[in-house]
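Reader: I have not looked at this structure before. Please take me through some of its helices and strands.

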Amino acid sequence: MASTAAASTSASRSGNSGTARITTTAATLSSDNQSLVAIRKAIGMIKAVAVDLEKDQQSDKVNQLEDAVLELLATYDDCTSFSDAIQQVGSRYQPSDQVTDFKKLLEDEAARLKAASQSAPQSNPLYRQFKEAVWNVHHAGQPMPGEEQEDIVMTTTQTTLKNFTCPITGKPVINLQNPVRGMDCRHIYEKDAIMHHIRTKNTCPVAGCPKILQAGRILCDHLLLIEIDELRSAQNTAVDATVVEDFTELDDDE
């Protein structure tokens, strides 16, 4: 009886240890998705080329690049679904007596997440940023077709980031010295501030967010710095557009 109980306890500990390793590995793989990083960088480069072509009045080539961006964003959505599936399967996995088909688990979860999102490449903020960058070459300070003038500032700062300021220090994320992101709540913080916070509280400091924070799950993932740079660029574009509009109004007054 004692040996049976010991064996059961040992198996339980072994199972718990295996589950913990799978959860940790899945979280690491999910946050370190180099395909997403590569696509983001590629879209950024395509956007820069499109702006140059628009300056040279080569609209046909700009349209071709726009199609390429949409294709990349479709692939980006697939990669995002698979990355999220890795994290979901890893966090929910429980060992059993049956052999686990992880490939099927991941594929089914990725398909479920993609179907649930029902998003189109055209609705991705990265596509909006591409269109806006091209539009601003000859129409800076003017609303894009179908938009009102007061919508300009709002749309120029569209981004995939969940928050624009650190909820603890109040600093804009573009000015953070050491930005990190909670892998569970997806909020962005100044590293020293959030690490100090979780020493006494393990809940997310954002009001209404129920997520529990763990030190090992707060990090600067590979996409974060790219997303912050994109936000900084979008905000600079908004400022430039406002300056152009101000000068136009001065000319009109004269």
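**Strands and helices, by question**

Author: This is a predicted model. In the hairpin of β1 and β2, five residues lie between the strands, and arginine 186 takes a positive phi near 70°.

Reader: Which way do β1 and β2 run, and how many bridges join them?

Author: Strand β2 covers residues 188-190 and is antiparallel to β1. One of the pairings sets arginine 181 against isoleucine 188 of β2. The number of bridges joining β1 to β2 is three.

Reader: What is the bridge partner of arginine 181 in β3?

Author: Strand β3, residues 218-219, also runs antiparallel to β1, and two bridges join them. Arginine 181 has a partner in β2, isoleucine 188. In β3, the bridge partner of arginine 181 is leucine 219.

Reader: In β1, which residues point the other way from Pro179 and Arg181?

Author: In a regular strand, side chains alternate between the two faces of the sheet. Strand β1 spans residues 179-182, and these residues are all buried. Pro179 and Arg181 point one way, and pointing the other way are Val180 and Gly182.

Reader: Why is α5 said to be largely enclosed by the rest of the structure?

Author: Buried here means under 20% relative accessible area. Among the buried residues of α5 are Leu126, Tyr127, Phe130 and Trp135. Helix α5 is largely enclosed because its buried residues number 11 of 15.

Reader: How far apart are the end C-alpha atoms of α5?

Author: Helix α5 runs over residues 125-139, which is 15 residues. At 1.5 Å a residue, α5 should span 21 Å. The model agrees with that, as the end C-alpha atoms are 20 Å apart.

Reader: Which residue caps the N-terminal end of α5?

Author: After α5 comes glycine 141, which has a positive phi near 85°. At the N-terminal end, a side-chain oxygen lies 2.8 Å from the backbone nitrogen of leucine 126. The residue that supplies this oxygen and caps α5 is asparagine 124.

Reader: Are α3 and α4 oblique or parallel to each other?

Author: The axes of α3 (residues 59-92) and α4 (residues 102-117) come within 8 Å and cross at roughly 120°. Their crossing is right-handed. Angles of 65 to 115 degrees count as roughly perpendicular and those over 145 as roughly antiparallel. The two helices α3 and α4 are therefore oblique.

Reader: At roughly what angle do the axes of α2 and α3 cross?

Author: Helix α2 covers residues 34-55, and its axis comes within 10 Å of that of α3, at a crossing angle of roughly 165°. That makes α2 roughly antiparallel to α3. The crossing of α2 and α3 is left-handed, and its angle is roughly 165°.

Conventions
Residues numbered from 1 in each chain as written. Predicted model: local features only at pLDDT ≥ 70, side-chain atom pairs only at ≥ 80, totals over all residues. Heavy atoms only, no water. Buried < 20%, exposed > 50% of the residue type's maximum accessible area, 1.4 Å probe, protein only. Helix = DSSP H or I, 4+ residues; strand = E, 2+ residues; numbered from the N terminus. Pairing = 2+ DSSP bridges. Expected span 1.5 Å × (residues − 1). Polar contact = N/O pair within 3.5 Å; in protein donor to acceptor, adjacent residues only side chain to side chain. Axes fitted to C-alpha atoms, helices over the stretch in contact; angles between N-to-C directions. Parallel < 35°, antiparallel > 145°, perpendicular 65-115°, else oblique. Left-handed = near helix turned anticlockwise from the far one by under 90°.
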